[in-house]
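This briefing goes through one protein structure by topic. Look at the structure first, then read the points below.

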Amino acid sequence: MSDDKKPVVADEASEKLTPWANRWTNNHIGFHLNDVNPVIKKYGPRYLTTSSDEGSTTSTAVKDDEVCDAPDHDKNKRIKRAKRVFVPLCGKTVDLAYLTDLADEVVGVEGIRMALEQFAEEQAQLNVSLETTTKDGFEKFQGDKITLLKGDYFELDATKTDGVFDFIFDRASMVAIDPKLRESYVEVLGSLLAPGGTILLVVLERQGSDEAMKQGPPFTIPEVTVRELYEPKEWVESITFLEKTDQLEEKPEDKERYPDLDHLYELVFEIKRKA
């Protein structure tokens, strides 16, 4: 197909994407972690695996005290569930590769092509092809148990993702978008979550000077905002606060990135959809 006949995908020169394209071009990607995010390592197995004793034919959900660092956990006690997982605004996060060990299929969406190309190169074991197809405004990168979509998150629906998802991991995604777009963001996420499915949401709450509180991305999202966004939704069954840590204490080097902040709290929530 000639370039002038290819379906249009998200324009990286647009007002929405240009700042992110510049970050990737200039390697200003402080939000990217070189290791698997501790939150998904801690909680992922709870939602994406079952556990059973060796020799037993009965599987049970992973209990709180059995939350484990899969896939290094004893494989005799970890049985994969048939799950589809979605990661919004995924960048090149290594969490995608980690999740392929826990789920049957992982899908990520990202607006910047360079991020997906780098992921394909750095996670060569997943055989993500750079020979892509384009449909309905999304460029598709296909690999082993993983699909990466390059396009506008806000144009997504369950048809374009080939179905809904049992589990969504939202880390460094909602905090990255313009606060004015949060309602639309939640609407899209809700349309992609299967009945009985779970969103594991990670947000950041800034505390500091008035000016520092207004800055972003990452934009501040306190617990009250999470509840204001999700509680009114008819499809939401429950919102559970899981934990809170101060990232400036966990990672003292981040104090140089955020000199005007007294605290940068990471808040983790479980959001369940009605069955």
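The charged end of Arg-23 is placed over the ring of Trp-20, 4.8 Å from its centre; a charge sits over a ring if NZ of Lys or CZ of Arg is within 6 Å of the ring centre and within 35 degrees of the ring normal. This is a predicted model, in which local features need pLDDT of at least 70, side-chain atom pairs count only at pLDDT 80 or more, and totals for chains, interfaces and linings use all residues. Residues are numbered from 1 along each chain as its sequence is written, and side-chain values use heavy atoms, with hydrogens and water left out.

**Rings and charges**
- Lys-244 lies over the face of Tyr-265, 4.2 Å from the ring centre.
- Ring pairs join Trp-20, Trp-24 and Phe-31 into a cluster; rings of Phe, Tyr and Trp (its six-membered ring) pair if their centres lie within 6.5 Å, and planes under 30 degrees apart count as stacked, over 60 as edge-to-face and the rest as tilted.
- The structure holds 8 aromatic pairs.
- In one of them, Trp-24 and Phe-31 have ring centres 6.0 Å apart and planes at 70°, so the pair is edge-to-face.
- Trp-24 is buried, at 4% relative accessibility, while Phe-31 is partly exposed, at 23% (buried is under 20% relative accessible area, exposed over 50%, partly exposed in between, with a 1.4 Å probe and protein chains only).

**Sheet and helices**
- An open sheet of 9 strands runs in the order S6-S7-S8-S5-S4-S9-S10-S12-S11, with mixed pairing; helices (H or I, at least four residues) and strands (E, at least two) are DSSP runs, numbered from the N terminus, and two strands pair if DSSP finds at least two bridges between them.
- Strand S6 (133–135) and S11 stand at the edges with a single partner strand each, so one side of each has no neighbour in the sheet.
- Strand S4 (residues 84–87) pairs with S9 in the parallel sense over 2 bridges.
- Val-85 has Phe-167 in S9 as its bridge partner.

**Nonpolar cores**
- The largest nonpolar core has 32 residues, and Phe-86, Leu-156, Ile-199 and Tyr-230 have the most contacts inside it; such a core is a set of buried Ala, Val, Leu, Ile, Met, Phe, Trp, Tyr and Cys residues joined through side-chain atoms within 4.5 Å.
- Among the elements that each supply at least two residues of this core are helix H5 (182–192) and strand S10 (193–208).
- H5 gives the most to this core, with 5 residues.
- Apart from this core lies another, of 28 residues, including Tyr-47 and Val-268.
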